[in-house]
Amino acid sequence: LSSSSAASDVYKRQTLSMACGLPRQVFAFLAGYAFGFGFGVLVSTVAATFACCLCFYCARFMARYQHYGKYARYVDKINDFFEQDPLVKTMIIRLFPVGSNLVTNILAGFSQIHGGRFILGSCLGYLPQMMIFSLMGSGVILMSYWKMAMSLALFTLSMVLSFYLYQRYQVDYKLEQSS
């Protein structure tokens with residue numbers, strides 16, 4: 001019972017911290033360290049997804065119309081980006097190892113993207129990095145060098161894949177613009 005309440009406290013703190021803009025990778029590492037790989041991935045991914053929901057819907061319902069004019073140039077670009085395949089494009093954004101979740105969530109909340117597709121795409125896009133950093137965290141506690149090396153190799157693969165997908169999007173976008 002005490003371990004489930006500890007997990008619940010960690011989950012709540014992770015969600016609020018990520019909703020305030022702290023990196024999800026740190027929490028995946030800490031959850032992997034505290035709870036092991038499998039439960040660490042689950043707790044940190046669910047927390048990151050709920051943080052995403054919280055920011056997205058706060059922006060959508062509380063600030064969208066007050067701040068749209070101020071950020072119209074950016075929001076219009078986001079609307080253009082998400083116009084086709086919003087689920088896949090959200091996953092691509094979430095695969096990038098750099099960037100601000102908070103800014104992404106707020107700008108998406110200001111945009112016209114379907115909330116469910118954005119949240120699902122975010123959750124699926126979070127998974128690879130959550131697995132990588134949770135694996136790294138679980139490897140530290142055991143001093144398992146193969147787990148740490150595997151997580152670094154997977155992180156590198158994730159970066160390469162995300163840049164490939166982004167480059168592919170850029171080429172498709174340029175083709176659409178020229179036709």
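Visitor: What elements does the protein chain have, and how many of them are helices or strands?
Guide: In this predicted model, the protein chain has 8 helices and 0 strands, and from the N terminus on the elements accordingly read α-α-α-α-α-α-α-α.

Visitor: How much of the chain is buried?
Guide: Of the 179 residues in the protein chain, 42% are buried, while the chain exposes about 10,100 Å², with carbon and sulfur atoms supplying 68% of that area.

Visitor: And the contacts, what share joins residues at least 24 apart?
Guide: If you take the contacts between residues at least 6 apart in sequence, 79% of them join residues at least 24 apart.

Visitor: Moving inside, how many residues are in the largest nonpolar core, and which have the most contacts there?
Guide: The largest nonpolar core has 28 residues, and those with the most contacts inside it are Met18, Phe56, Phe82, Phe110, Ile113, Phe118 and Ile119. Two or more residues of this core come from each of helix H1 (2-19), helix H2 (24-35), helix H3 (37-67), helix H4 (72-82), helix H6 (101-110) and helix H7 (115-142).

Visitor: Which helix gives the largest share?
Guide: That is H3, which contributes 9 residues to this core. As general background, nonpolar side chains tend to be buried together in soluble globular proteins.

Visitor: Then what about nonpolar residues on the surface, which ones form a patch?
Guide: Tyr57, Phe61 and Met62 form a nonpolar patch on the surface, and together they have about 370 Å² of accessible area. Methionine 62 belongs to helix H3.

Visitor: Is methionine 62 buried or exposed?
Guide: Methionine 62 counts as exposed because its relative accessible area is 59%, and the cut-off for that class is over 50%.

Visitor: Changing topic, how many disulfides are there?
Guide: The count comes to 0 disulfides, where a pair of cysteine sulfur atoms would have to lie within 2.5 Å to qualify.

Definitions and conventions: Residues are numbered from 1 along each chain as its sequence is written. This is a predicted model: local features need pLDDT of at least 70, side-chain atom pairs count only at pLDDT 80 or more; totals for chains, interfaces and linings use all residues. Side-chain values use heavy atoms; hydrogens and water are left out. Helices (H or I, at least four residues) and strands (E, at least two) are DSSP runs, numbered from the N terminus. Buried means under 20% relative accessible area, exposed over 50%, partly exposed in between (1.4 Å probe, protein chains only). Contact means heavy atoms within 4.5 Å. Accessible areas come from the Shrake-Rupley method with a 1.4 Å probe; for residues, only the protein chains shown count as cover. A nonpolar core is a set of buried Ala, Val, Leu, Ile, Met, Phe, Trp, Tyr and Cys residues joined through side-chain atoms within 4.5 Å. Patches are made of residues with over 30% relative accessible area and no salt bridge: like charges are joined within 9 Å, nonpolar side chains (Val, Leu, Ile, Met, Phe, Trp, Tyr) within 5 Å. A salt bridge is a side-chain nitrogen of Lys or Arg within 4 Å of a carboxyl oxygen of Asp or Glu.
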